[in-house]
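I am opening a notebook page on pockets and charged pairs. Entries follow in the order I looked things up.

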Amino acid sequence: MKPVPSENGEKAVVEAAGRLPPEDRLLWLVCRAELDAVRRRLLRETVDGALAWDRVIDKGRYHRLLDLLHHHLHRCGHLGAVPAVERARLDESRAQARGMQSRLDAALAHCTTALEAASVEYVIVKGPTLQVLYPDDVVRAAGDLDFLVHEEDLGAATAAVGRAVEEEHFLLRL
């Protein structure tokens, strides 16, 4: 279902966008799975205006928004507006995010297998559980995995996950 803003909602979006520098506005606009008509129009206006694309890419990388930025620029037909140098940085960052996601997927499989083998009940929070909220062609950039375990299972969980990450050369931080 595509979002449709009310008249008041449209005014609020336009006012909020207008208070932001164009680079921040662009990133703020793409922070959602779907863009309504108002945000698509604001996206077009922002891309057509003066933008410091290097700042967009730097801020987008910092906030892990480059895959969403690419997704929306592509879907709205504005990817060609990105200068070649910044487009290369955008593509490189997306490739790195996909590589990181592959490593996290492998780590998740090893950790969950280890926790189950140790009979530790766990819940995965954030990270992979939020991927379902993103468009299919967008990787939700994450840098770690978060597990919730019962306090009394913390020692067993730490040992099990520790062995799993050592075997696969992943970093474990507690």
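**Pocket.** I looked up the second largest pocket and found 16 lining residues, with Arg 64, Ser 93, Gln 96, Ala 97 and Ala 141 nearest its centre. My pocket term: on a 1 Å grid over the protein atoms alone, an open set of points where a 1.4 Å probe fits, with protein on both sides within 12 Å along at least five of seven lines; lining residues have an atom within 4 Å of a point. Elements giving two or more residues to this lining are α5 (66-75) and α6. Helix α6 gives the largest share, six residues. Helices here are DSSP runs of H or I, at least four residues, and strands are runs of E, at least two, numbered from the N terminus.

I noted a volume of about 260 Å³ for the second largest pocket. That volume is the space filled by probe spheres set on the points, which are joined across faces, edges and corners. By class, I count seven nonpolar, four polar and five charged lining residues. Charged means Asp, Glu, Lys and Arg; nonpolar means Ala, Val, Leu, Ile, Met, Phe, Trp, Tyr, Cys and Pro; the others, Gly among them, are polar.

**Ground rules.** This is a predicted model, so I keep local features at pLDDT of at least 70 and side-chain atom pairs at pLDDT 80 or more, while totals for chains, interfaces and linings use all residues. Numbering runs from 1 along each chain as its sequence is written, and side-chain values use heavy atoms, with hydrogens and water left out.

**Salt bridges.** How many salt bridges does the structure hold? I find eleven, each a side-chain nitrogen of Lys or Arg within 4 Å of a carboxyl oxygen of Asp or Glu.

Asp 24 pairs with Lys 59, closest N and O atoms 2.5 Å apart. Asp 24 sits in α2 (residues 22-29) and Lys 59 in α4 (residues 53-62), so the bridge ties together parts 35 residues apart in sequence. Asp 24 is partly exposed at 23% relative accessibility, and Lys 59 is partly exposed at 30%. Cut-offs: buried is under 20% relative accessible area, exposed over 50%, partly exposed in between (1.4 Å probe, protein chains only).

Arg 87 bridges to Asp 91 at 3.3 Å between the closest N and O atoms. Both lie in α6, four residues apart, about one turn of the helix.

**Glu 86.** Is Glu 86 buried or exposed? I find Glu 86 buried, at 11% relative accessible area. Glu 86 lies in α6 (residues 84-117). I also see Asp 58, Glu 86 and Arg 89 linked in a network of salt bridges.
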